[in-house]
Amino acid sequence: MNAPERQTALVTGASSGIGRAIAEAFAADGIDLVLTARSQPALDELRTEWTRTYGIRVTTVATDLSVPGAAQGLFETVQGRGIAIDYLVNNAGVGVFGEFVGASLEAELAMSQLNMLAPTVLCKRFLPQLIERRGKIMNVSSLAAFQPGPFMAVYYATKAYLLSLSDALATELAHTGVTVTTFCPGPTSSGFQDKAAMQDSKLVKGKTLATAAGVGMAGYRAMMRGDRVMVPGAMNKIMAFAVRFIPRRALGRMVMAMSAPA
């Protein structure tokens with residue numbers, strides 16, 4: 001009797017925060033991993049630890065997905081190593097905090113490449129084999145996807161794009177056995193705020209934030225269930241639902257007041 005074929009998950013932004021938590025959930029379930037992030041040493045540490053702890057195969061590919069062409073390069077690297085993907089997790093993402101008029105255009109374009117274009121390329125390239133293997137996709141969006149975001153206008157827009165794309169793909173792929181989950185966490189203690197330079201925003205300053213480990217596990221379980229959209233946390237669910245009933249102009253003013261520097 002042949003042994004069951006091993007499954008493999010590709011997780012972007014896997015070296016820390018929510019991405020690391022999701023990746024370790026796969027590892028704990030005996031699923032092999034392809035991990036990608038910018039830091040090769042951080043990825044090597046995870047490979048050593050998880051290979052020993054969970055007895056899985058871990059492949060690492062250090063790359064910066066904010067660079068045009070990097071997502072295509074990642075796909076070609078994985079294909080070149082003969083690895084078939086069963087689970088695709090587009091988690092890598094960054095934010096840029098500040099008024100649109102003064103924020104760095106270069107930083108916002110790099111963010112758009114990472115948050116929107118890289119997931120689009122990876123979904124496009126890996127989808128044929130995911131259909132063949134009846135796999136799963138999870139795109140990590142944000143609670144920000146449901147509303148406009150003054151002080152982080154482009155970031156909120158990138159996450160709205162990801163929600164819209166994922167929802168459409170879920171409908172297109174419903175007959176294939178492939179599920180597409182949009183994961184929309186709220187503010188999380190993951191290092192995101194430091195990278196976005198938003199430590200002084202009222203959204204996070206002085207707040208007790210959800211842990212990356214707990215949020216990541218919630219996302220993993222939602223993906224494995226095949227949920228279409230998952231917002232973790234009762235208050236976040238209320239906020240995501242309530243915005244439907246608030247006039248857009250008023251909603252923008254509310255978010256601006258909540259996001260402004262403390």
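This is a predicted model: local features need pLDDT of at least 70, side-chain atom pairs count only at pLDDT 80 or more; totals for chains, interfaces and linings use all residues.
The side chain of Asp227 meets that of Arg225 in a salt bridge, with a distance of 2.7 Å from N to O. Arg225 itself is exposed, its relative accessible area being 52%, a value that belongs to the exposed class because that class begins over 50%.

The pair formed by Arg225 and Asp227 belongs to a set of seven salt bridges that a search of the whole structure finds. In general terms, side chains of opposite charge can pair when their charged atoms come close. Another such pair is formed by Asp32 and Arg6, whose side chains meet in a salt bridge at 2.7 Å, again taken from N to O. This pair links distant parts of the chain, since Asp32 lies in strand S2 (residues 32-37) whereas Arg6 lies in the segment before strand S1 (8-12), the two being 26 residues apart. Asp32 is buried, with a relative accessible area of 3%, while Arg6 is partly exposed, with a value of 36%. Both residues also take part in a network of salt bridges in which Arg6, Asp32 and Arg57 are linked.

A further salt bridge joins Asp86 to Arg133, and here the closest N and O atoms are 2.8 Å apart. Asp86 is placed in the loop between helix H3 (70-80) and strand S4 (87-90), and Arg133 in helix H4, so that the pair ties together parts of the chain that are 47 residues apart in sequence. With 4% relative accessibility, Asp86 counts as buried, whereas Arg133, at 23%, counts as partly exposed.

Helix H4 (residues 105-133), in which Arg133 lies, also packs with helix H5 (residues 153-172), at an angle of about 10 degrees and with the two axes 9 Å apart. Because angles under 35 degrees count as roughly parallel, H4 is described as roughly parallel to H5. On the side of H4, the contact is made by Glu108, Met111, Ser112, Asn115, Met116, Pro119, Thr120 and Cys123. On the side of H5, the contributing residues are Val154, Tyr155, Thr158, Lys159, Tyr161, Leu162, Leu165 and Leu169. Sorted by class, the contact of H4 with H5 contains ten nonpolar, four polar and two charged residues.

Note on methods: Residues are numbered from 1 along each chain as its sequence is written. Side-chain values use heavy atoms; hydrogens and water are left out. Axes are lines fitted to C-alpha atoms, for helices over the stretch in contact, and angles run from 0 to 180 degrees between N-to-C directions. Helices (H or I, at least four residues) and strands (E, at least two) are DSSP runs, numbered from the N terminus. Angles under 35 degrees count as roughly parallel, over 145 as roughly antiparallel, 65 to 115 as roughly perpendicular and the rest as oblique. Contact means heavy atoms within 4.5 Å. Ala, Val, Leu, Ile, Met, Phe, Trp, Tyr, Cys and Pro count as nonpolar, Asp, Glu, Lys and Arg as charged, and the others, Gly among them, as polar. A salt bridge is a side-chain nitrogen of Lys or Arg within 4 Å of a carboxyl oxygen of Asp or Glu. Buried means under 20% relative accessible area, exposed over 50%, partly exposed in between (1.4 Å probe, protein chains only).
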